[in-house]
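Here are my notes on the model you sent over. Have a look at the structure first, then read on.

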Amino acid sequence: MTAEKIIKPANGYLMLVIVLTLFVGSIVLGIQQEQPLYIIVSVLSFFGLFGFILVNPNTSKVVVLFGKYVGTIKANGLYWANPFYTKKKISLRASNFDSERLKVNDKLGNPVMISTILVWRVTNTYKAAFDVDNYENFVRVQTDAAVRKLASMYPYDNFADEDHDEDITLRSSVNEVSEALEKEIDERLTIAGIEVLEARIGYLAYANEIASAMLKRQQATAIVAARHKIVQGAVEMVEMALDELNKKDIVELDEERKAAMVSNLLVILCGDKEASPVVNAGTLSH
């Protein structure tokens, strides 16, 4: 037997009535008639009490007889089978697993802390019971291995100053990374008869030893990008001002005065602090 086999033993309620009747009746008749046959029947019926199997909703019982796989009971209810059967309970419910925070290196070699949240359930009880030693521990170990592999495939983030422009990153491509993680874990857990319902990154951050440096780097990148936007906007505003002055013929400026005006406007528009206006009561030359 190498595959799951679904079985449905005898009705447990009917067998409960039969076994109790035989057990109680044989004891009563054995006392009244003092015949050893009734004692044998009472002993056999007593062992019959060990044959009852209770299966709760969304659980299963894997049945083995002297090392041989007999089958799996998945339908909930009370059943009766061979008292010598060995029963192993396997839950069919969806289970939630939150892995520990692992320190791994991303694609660029930066150490990051990462953890995953996994939702899984058993679909093949034979594989879960016999193809792996402990299927719950198997889930934990293989999930950690899959997370380590996934983190090494993608960078934490893109850095414009190093010309790293990846299509998928751990920080920004949440859906793509989750799909890749789910596929990787599902392939690893197939051997244990386990289906992955959902897998996603639960925690992601730089490791403590580089977190401060990376934060400063991100801030510097953001400041440079903001300055670039400010300068670009200031140049456009200066250009618009000169065009409007020339178009409306408000004042005629030579190249030297244009340069001075451009310098003053750029200082005002690009400065961190508010400019203090100076009123010129004379001419433009003084």
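1. First, the ground rules. This is a predicted model, where local features need pLDDT of at least 70, side-chain atom pairs count only at pLDDT 80 or more, and totals for chains, interfaces and linings use all residues. Residues are numbered from 1 along each chain as its sequence is written, and side-chain values use heavy atoms, with hydrogens and water left out.

2. The chain has seven helices and 10 strands (DSSP runs, numbered from the N terminus: H or I of at least four residues for helices, E of at least two for strands). Of its 286 residues, 32% are buried (buried is under 20% relative accessible area, exposed over 50%, partly exposed in between, with a 1.4 Å probe and protein chains only).

3. Now to helix H2, residues 36-48. Its 13 residues span 19 Å from first C-alpha to last, close to the 18 Å expected at 1.5 Å a residue (that is, 1.5 Å times one less than the number of residues).

4. Which residues of H2 are buried? They are Tyr38, Ser42, Ser45 and Gly48. These sit on the same side of H2 because they cover an arc of only 110° around the axis (taken from the directions from the helix axis to the C-beta atoms). On the other side, Pro36, Ile39 and Leu44 are exposed.

5. The buried residues of H2 pack against helix H1 (12-33), strand S2 (52-55) and strand S5 (77-80); contact here means heavy atoms within 4.5 Å.

6. Glycine 48 counts as buried because its relative accessibility is 6%. Leaving out residues up to four places away in sequence, glycine 48 touches Val19, Trp80 and Pro83.
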